[in-house]
Structure formats: C-alpha cells, structure tokens
Amino acid sequence: MPSKQGTATEKVWTEEERAAMQQSARERKAQARLSPAEEREAGEAEVQAKIADMPEPDRAIAKRIHALVAENAPDFVPRTYYGMPAYAKDGKTICFFQPASKFKVRYGTFGFQPDARVDDGEMWPVAFAVTKLTKGVEARIAELVKKAAR
C-alpha cells in the first residue's frame with residue numbers, strides 16, 4: 001500500500017530529534033562568527049550549561065567525561081553538538097556525550113565521529129553505552145580520547 005507522504009499524521013522525526021537538528025543549526029551559525037579563543041570560551045560555557053541542565057545520573061557522568069576529555073585531550077575545543085556536550089579538533093567534532101535523557105532512552109552514550117580515528121582493525125565500536133563511571137570505564141574513556149587526539 002502506498003504511503004501517505006506529507007500528511008499531518010506522518011512523523012518521520014521525533015520531537016527530540018527535530019529539536020536536536022534545530023539546535024545543531026544554531027550551533028553552527030554561532031560558531032562561524034567566533035575567533036578560536038572566543039570559540040573555546042563560548043564552547044566551554046555552553047557545555048557547562050548543558051551539563052548543568054541534565055538530570056542525574058546524566059549530569060554526574062557528563063561532568064566526569066568533560067574532565068576526562070580536558071585532561072587527556074587539552075587541545076580539543078569544547079562545543080555542543082546537536083545540543084550535547086562535544087569536543088572538536090580543527091573545527092570537526094571528534095567525540096560527544098549523548099545523555100540518556102536527550103532521547104529518553106535507558107542509557108547515555110559516549111561516541112566518536114569518523115575524524116576520531118579510533119580504528120581498531122577492520123571493525124570497531126564508535127559509541128559506548130555508559131551507565132556508571134568506574135575506574136575501569138574512566139580508564140577506557142581516557143585511552144580512547146588519547147587515541148582520538150592523535
């Protein structure tokens with residue numbers, strides 16, 4: 001049966017997905033007008049604000065991931081990516097934290113974009129579910145961020 005494309009009842013994107021896309025457009029527009037120092041300062045402020053707005057446990061996880069990225073890849077520039085805390089190198093988003101609350105799912109993820117180069121053979125994960133930060137999880141995140149920073 002043919003689909004009824006364009007009808008009011010058809011919803012291709014969820015409200016959360018539409019909001020994220022609109023946020024991304026605003027982020028790109030704002031970043032295009034800034035010097036590198038202004039971009040870092042504005043990005044840090046925006047990432048901190050996004051983290052502060054998160055419910056627990058997302059907030060605690062995001063705070064610690066932010067610290068781990070800053071410690072292990074100090075050249076990464078904090079920014080938001082579709083309204084989520086993210087980190088960029090040479091203007092390209094490298095990694096990001098997607099809180100569970102963003103899309104109303106059961107766990108947050110720490111993900112990498114293709115420019116991260118976290119390659120490991122012929123197949124490797126590019127996003128990791130994060131439900132709790134243990135010393136082992138923190139060590140793995142630090143290792144991946146260092147690898148992505150190369």
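Visitor: How do α2 and α3 run relative to each other, roughly parallel or roughly antiparallel?
Guide: They are roughly antiparallel, because their axes cross at roughly 155°. Angles over 145 degrees count as roughly antiparallel, under 35 as roughly parallel, 65 to 115 as roughly perpendicular, and the rest as oblique. Axes here are lines fitted to C-alpha atoms, for helices over the stretch in contact, with angles from 0 to 180 degrees between N-to-C directions.

Visitor: What kind of model is this?
Guide: This is a predicted model, in which local features need pLDDT of at least 70 and side-chain atom pairs count only at pLDDT 80 or more, while totals for chains, interfaces and linings use all residues. Residues are numbered from 1 along each chain as its sequence is written, and side-chain values use heavy atoms, with hydrogens and water left out.

Visitor: Back to the helices. Within what distance do the axes of α2 and α3 come?
Guide: The axes of α2 (residues 36–53) and α3 (residues 58–72) come within 9 Å. Helices (H or I, at least four residues) and strands (E, at least two) are DSSP runs, numbered from the N terminus.

Visitor: Which residues meet there?
Guide: From α2, Glu44, Val47, Gln48, Ile51 and Ala52 meet Arg59, Ala62, Lys63 and His66 of α3. Contact means heavy atoms within 4.5 Å. The residues of this contact divide into 4 nonpolar, 2 polar and 3 charged. Ala, Val, Leu, Ile, Met, Phe, Trp, Tyr, Cys and Pro count as nonpolar, Asp, Glu, Lys and Arg as charged, and the others, Gly among them, as polar.

Visitor: And what is in the loop between α2 and α3?
Guide: Pro57 has its place there. The peptide bond from Glu56 to Pro57 is cis, with omega near 5°. For context, most peptide bonds are trans.

Visitor: Changing topic: in what order do the strands form the sheet?
Guide: The 5 strands form an open sheet in the order β1-β2-β3-β4-β5, and the pairing is antiparallel. Two strands pair if DSSP finds at least two bridges between them. β1 (77–81) and β5 each have a single partner strand, so they stand at the edges with one side left without a neighbour in the sheet. From one strand to the next, the twist averages 25°.

Visitor: Where do the helices lie on those strands?
Guide: α2 lies across β1 and β2, at about 55° to β1. α3 lies across β1, β2, β3, β4 and β5, running at about 150° to β3.

Visitor: Tell me about β3. How many of its residues are buried?
Guide: 5 of its 7 residues are buried, so β3 is largely enclosed by the rest of the structure. Buried means under 20% relative accessible area, exposed over 50%, and partly exposed in between (1.4 Å probe, protein chains only).

Visitor: Over how many bridges does β3 pair with β2?
Guide: β2 (residues 84–89) and β3 (residues 92–98) pair over 4 bridges, in the antiparallel sense. Phe96 is the bridge partner of Ala86, and Thr93 is that of Ala88. The two strands form a hairpin with 2 residues between them, and Asp90 in the turn has a positive phi of about 55°.

Visitor: What stands opposite Phe112 in β4?
Guide: Cys95 does. β3 and β4 also pair over 4 bridges, in the antiparallel sense.

Visitor: How many aromatic pairs does the count come to?
Guide: The count comes to 4. Rings of Phe, Tyr and Trp (its six-membered ring) pair if their centres lie within 6.5 Å; planes under 30 degrees apart count as stacked, over 60 as edge-to-face, and the rest as tilted. One of these pairs is Tyr81 with Tyr82, edge-to-face at 4.8 Å centre to centre with 85° between the planes. Tyr81 is buried at 19% relative accessibility, whereas Tyr82 is partly exposed at 29%. Phe112 and Phe128 form another edge-to-face pair, 6.4 Å centre to centre with 90° between the planes. This pair links distant parts of the chain, with Phe112 in β4 (residues 108–112) and Phe128 in β5 (residues 127–130), 16 residues apart.
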